[in-house]
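Here is a short report for a reader who is new to this structure. Look over the sequence and the model, then read on.

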Amino acid sequence: MKYGFFDDARKEYVIQTPKTPYPWINYLGTKDFFGLMSNTGGGYAFYRDARLRRLTRYRYNSIPVDNGGRYFYLYDDGDFWTPGWMPVKKELDFYECRHGLGYTRITGERNGILAEQLAFVPLEYNGEVHQLTVTNTSAAPKKIKLFSFIEFCLWNAYDDMTNFQRNLSTGEVEVKGSVIYHKTEYRERRNHYAFFAVNREIAGFDTDRESFLGLYNGLEAPQTVAAGKSANSVASGWSPVASHCVEMELAPGESTSLNFVLGYVENPEEDKWEAPGVINKTRAEAMIARFADDAGVQEAMDELEEYWSRLLSKYMIQSRDDKLNRMVNIWNPYQCMVTFNMSRSASYFESGIGRGMGFRDSNQDLLGFVHQIPERARERILDIASTQFENGGAYHQYQPLTKQGNNEVGGGFNDDPLWLIVGTAAYIKETGDFAILDEQVPFDCNPANTATLFEHLKRSFYHVVENLGPHGLPLIGRADWNDCLNLNCFSDVPDESFQTTQHIEGRTAESVFIAGLFVFAGPEFAELCKRRGLAEEASAAEKHIQTMRETTLEHGFDGNWFLRAYDHYGQKVGSKECDEGKIFIEPQGFCVMAGIGVEEGLAQKALDSVAERLETPYGIVLQNPPYSKYYINLGEISSYPPGYKENAGIFCHNNPWVMMAETVIGRGDRAFELYRKIAPAYLEEISEIHRTEPYVYSQMIAGKDAVRQGEAKNSWLTGTAAWNFVAITQSILGIQPDYDGLKVDPCIPAGWEEYTITRVFRGDTYVIHITNPNHATKGVVSVSVDGSAVQGNILPVYGDGQTHTVEVVLG
């Protein structure tokens, strides 16, 4: 069942009912200020850090599920309603939500009034703009009152929801004209405040939640809206809100627009006040003036559209598959940019309170957005590297506002260091910027203790070499890529963190996955050594890589597939010898991606075992059979019910590793079949089963052992986005950035006859037309650029900023 449709021409997903199977959201913002916006107007806003600079409140685990947002109530002769349906839930004569690139447009109509809410964050602007356009579609004049509403969060979202004894006494506001200023704690250690403004004279306002709602009312029936009159309340402690009341009279067919701005301002210490106790509003007033009329809104929207058009033009496909086109050209790269901004911090499944930016996560996310914003990818790499320890380990997370490592989570996730090599190599291949390797970067966020980025990569490489277990495989530490495989935790205490508790020293349990990652990432480090003239260093690295390859074949292959790990007792995990959890997906994908077992025929065996034991109609499950009970030696993975999350759920993040592995052995039909199984555009017609947004990937889909097989969770913020973009654009469609040029090496379904890729690479534009006259799945027969044959399959970097026509024939 579909709940809307893709409007590819406008790059929008159009939702035609507010009653979607789960709230379907969008992200507003591109740099510092961000908002989450659901199809019914729910969500929240923050500046840079969803925990430490939250502007508006949002209630997770709420009833109904999506409760709280930026709401606009229309009062029409005693009848009141909201254009997004929520929270009033009055029946609408018409409803539509258009989620676009960085903006959302919600339209509702009832009793002859049409209201459209356009929400977006302008470029380089620390605030949201909400333009309300109200039209009288009836045959009679209308007198309408419009009530706005937001609820302020007291900045630190964690403290806001826990420290009531303090927070219920600290709320402060100012009201000046049509602007409501939120200045809680501004009197003390804060230099920032928020404001909510409208470009119209107001008939009233409210800033105290209880006065606006009534103590025993919910957002569906505020007492001021029901009465058609504001209380003009001024918050003093308790819960500050912002609500304007605007009166309007509209003749039949007449429209009017109102521009609301929710903004964030920081003042220098010496400029905090304009008078004792009165905040300096100069910066806010300048922000508000920009949207004093509709021309300012249109100009900002035009800039936003141009911004996204420029980013998405870096990689475009023309094919006969509309669903493939919209994923590659619009929604997958858009989601990659959202994961760049958010990591795993703020979604409708991540509260923005518990997690910052992930070391591993952010390096993987980089693979999906580096081609769009390489200059910001460079900055991100240096931020990530600065949280690394001198021994090559790293903080698992860091806070985006402070760029400091997260001490609460700490380190010991032994795959983390290798991802810095993967991310840095991807950046250099995209840009040719080898100079980044000479940047001085702190260890442990300490500016007094620095080394070159290259030295950081060396420490990453040797962190594995120096931490090997009894079989010569890498020690897993607290966990590897799967944070829920906790082989050193041994936790039997409720509420104890599986990820940060370590009851065993951890010098026995080993990870075959990290071994595969080492063999995959290690050659990038060796190549960077060579390009710096460090031949001996490169040779030493290659020996370590070869040793790990041999060790993995000797101790990491289980007859028909790769083992997952060895536990604290030296027992196999992910083996035919196990009663449960006999085979895992991760090592099958990554070991084959690294080329382990390809020549020996073991790679094909492993991938055939994936198809036989792990594949479902909705994707590949993480392991099989599921764990039916809690295994204290395995940790959190066995704490989930069968079929969910890491216990045999379809963890979409690692499905593309198998797609990419299939291209290593040349099975293009198989690779694309797996791609289609989890790509959201192909799931749109089963939205009642899938539930989450049909335009972005989710982290997890319930597996074949689950009660609700095929149901997705944790949409938007997942490494699934970047890895699927890499899998389809580089491994399947075959356009791969390399150190010396753009490599063309497709692995496609035999039935494909042709497709065209437009790829911007280091300032040049390549229009690559690929034909497949003999219906091959892999193998480049010939390449020509601008009519001249090219030897091999690497397109040179011309550096002329021009467009080059490329013809590629497969066979």
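In which helix is Phe164 found? Phe164 sits in helix α2, which covers residues 164–167. This is a predicted model.

Phe164 has a relative accessibility of 47%. That value lies between the 20% and 50% cut-offs, so Phe164 counts as partly exposed. Together with Leu168 and Trp238, Phe164 makes a nonpolar surface patch.

## Ser257 and its neighbours

Ser257 belongs to strand β19, residues 255–266. Leaving aside residues up to four places away in sequence, Ser257 touches Gln131, Leu132, Thr133, Arg200 and Asp294. With Thr133 there is also a polar contact, side chain to side chain, at 3.1 Å.

How far apart are the C-alpha atoms of Ser257 and Ala535? The separation is 67 Å. Along the chain, Ser257 and Ala535 are 278 residues apart.

## Salt bridges across the chain

How many salt bridges does the count come to? The count is 62. Among them is the pair of Asp483 and Arg360, whose side chains meet at 3.0 Å, N to O. This pair links distant parts of the chain, 123 residues apart. Arg360 is in helix α8 (residues 359–369). Asp483 is in the loop between α11 (453–465) and β27 (510–511). Both Asp483 and Arg360 are buried.

Another salt bridge joins Lys458 and Glu537, with the closest N and O atoms 3.2 Å apart. Lys458 lies in helix α11 and Glu537 in helix α13 (residues 535–555), so the pair ties together parts that are 79 residues apart in sequence. Lys458 is partly exposed, because its relative accessibility is 25%.

## A pair between two loops

Lys576 and Asp558 form a further salt bridge. Their closest N and O atoms are 3.7 Å apart. Each partner sits in a loop. Lys576 is in the loop between β29 (572–573) and β30 (583–584). Asp558 is in the loop between α13 and β28 (565–566). The two residues are 18 positions apart, and the pair links distant parts of the chain.

Is Asp558 buried or exposed? Asp558 is buried, because its relative accessible area is 4%, under the 20% cut-off. Lys576 has a relative accessible area of 48%, so Lys576 counts as partly exposed.

## One network

Some salt bridges share partners. These join Asp608, Glu615, Glu662, Arg667, Arg670, Glu673 and Lys677 into one network.

## Asn647 in its loop

Asn647 is found in the loop between β33 (623–624) and β34 (650–651). Its relative accessibility is 0%, so Asn647 counts as buried.

What does Asn647 touch, not counting residues up to four places away in sequence? The list is Gln623, Pro626, Tyr627, Ile637, Tyr640, Pro641 and Pro642. With Gln623, the side chain of Asn647 makes a polar contact to the side chain, at 2.9 Å.

Definitions and conventions: Residues numbered from 1 in each chain as written. Predicted model: local features only at pLDDT ≥ 70, side-chain atom pairs only at ≥ 80, totals over all residues. Heavy atoms only, no water. Helix = DSSP H or I, 4+ residues; strand = E, 2+ residues; numbered from the N terminus. Contact = heavy atoms within 4.5 Å. Polar contact = N/O pair within 3.5 Å; in protein donor to acceptor, adjacent residues only side chain to side chain. Patch = residues over 30% accessible without salt bridge, like charges linked within 9 Å, V, L, I, M, F, W, Y side chains within 5 Å. Areas by Shrake-Rupley, 256 points an atom, 1.4 Å probe, with all protein chains shown as cover. Salt bridge = Lys/Arg side-chain N within 4 Å of Asp/Glu carboxyl O. Buried < 20%, exposed > 50% of the residue type's maximum accessible area, 1.4 Å probe, protein only.
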